[in-house]
Amino acid sequence: MRLGLATLVCFFSFVWLSDCAPPTCYSRALDLSKEVMALLDKIHTYHRTKVCAEVLPTIFIDVHNSCITTKLRDFLYVVLNHPNRYCRDRPRMVLLKRKIQNLYKIITTICYRDLVSFTHDCEAIDTGHITPYYAEDRLQLLQEDR
C-alpha cells in the first residue's frame with residue numbers, strides 16, 4: 001500500500017513539473033521574441049557590451065506586426081556584420097545572433113502561415129509606439145462627426 005502511494009505521489013510530482021503540451025509554433029515565436037528583447041536589454045546595460053549596442057538599431061519585436069520579417073532581416077544583417085570584431089565574438093552577441101536567426105527562421109519558414117498579423121505599423125517596431133488602428137466603419141464615424 002505504501003509503495004503504491006509513494007509511486008502515485010512521485011508520478012504526480014513529475015506530471016506537475018513537466019509541460020504537458022509541446023510548444024506550438026506561435027508560442028515558440030512569442031517566447032523567443034521575449035528572450036531576444038530581454039537579451040537586448042542586457043546587452044544595452046552590461047558594461048562590456050554597451051559599446052557593441054551603440055551600433056545596433058533599436059527594435060521592439062512584435063510577432064503580430066507584418067513588418068517584423070524585414071526588420072528582423074535588417075537587424076540580423078547588422079548583428080552579423082558588426083564593424084567591431086571584439087563585439088562579434090562576445091558571448092552575448094553570439095547568443096543574440098543565434099536567437100534572432102532562430103526567430104527569423106521560425107517566422108519566415110516554419111510558422112509562415114500560422115502567425116496572424118494584426119498590424120502593419122513598421123514605425124512601431126522602430127519606436128515601440130503603436131499607433132491606433134481604426135477600422136473602416138470607425139473612420140467613417142469619425143469623419144461624420146466633424
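How many helices and how many strands are there in the protein? In this predicted model, the protein has eight helices and zero strands, and read along the sequence the pattern is α-α-α-α-α-α-α-α. Of its 146 residues, 25% count as buried. Among the contacts with a separation of 6 or more, 69% are accounted for by residues 24 or more positions apart.

**Helix α6**

Helix α6 covers residues 91–110, and its 20 residues, at 1.5 Å a residue, should span 28 Å; the end C-alpha atoms lie 27 Å apart, which agrees with that expectation. The buried residues of α6 are Met93, Leu96, Lys99, Ile100, Leu103, Ile106 and Ile107. Seen down the helix axis, these buried residues fall within an arc of 150 degrees, so they line one face of α6. An α-helix has 3.6 residues a turn, so residues three or four places apart point the same way. On the other side of α6, the exposed residues are Pro91, Arg98, Thr109 and Ile110.

The helices against which the buried residues of α6 pack are listed here with their residue ranges.

| Helix packed against by α6 | Residues |
|---|---|
| α2 | 25–45 |
| α3 | 50–53 |
| α4 | 68–80 |
| α5 | 85–89 |

**The nonpolar core**

The largest nonpolar core has 28 residues, and those with the most contacts inside it are Leu72, Phe75, Leu96 and Ile100. To this core α2, α3, α4 and α6 each supply at least two residues. In soluble globular proteins, nonpolar side chains tend to be buried together. Leaving aside residues up to four places away in sequence, Leu72 touches Ile59, Ile61, Ile100, Leu103, Tyr104 and Ile107; of these partners, Ile100, Leu103 and Ile107 are also among the buried residues of α6.

**Aromatic rings and a charged side chain**

How many aromatic pairs does the count give? The count comes to zero aromatic pairs. An aromatic ring does, however, take part in another arrangement: the charged end of Arg92 sits over the ring of Tyr46, 4.2 Å from the centre of that ring.

**His64 in a loop**

Is His64 buried or exposed? His64, whose place is in the loop between α3 and α4, has a relative accessibility of 17% and therefore counts as buried, since the cut-off for buried is under 20%. His64 and Leu30 are 34 residues apart in sequence, while their C-alpha atoms are 9.4 Å apart in space.

How values were computed. Residues are numbered from 1 along each chain as its sequence is written. This is a predicted model: local features need pLDDT of at least 70, side-chain atom pairs count only at pLDDT 80 or more; totals for chains, interfaces and linings use all residues. Side-chain values use heavy atoms; hydrogens and water are left out. Helices (H or I, at least four residues) and strands (E, at least two) are DSSP runs, numbered from the N terminus. The expected span of a helix is 1.5 Å times one less than its number of residues. Buried means under 20% relative accessible area, exposed over 50%, partly exposed in between (1.4 Å probe, protein chains only). The arc is that of the directions from the helix axis to the C-beta atoms. Contact means heavy atoms within 4.5 Å. Rings of Phe, Tyr and Trp (its six-membered ring) pair if their centres lie within 6.5 Å; planes under 30 degrees apart count as stacked, over 60 as edge-to-face and the rest as tilted. A charge sits over a ring if NZ of Lys or CZ of Arg is within 6 Å of the ring centre and within 35 degrees of the ring normal. A nonpolar core is a set of buried Ala, Val, Leu, Ile, Met, Phe, Trp, Tyr and Cys residues joined through side-chain atoms within 4.5 Å.
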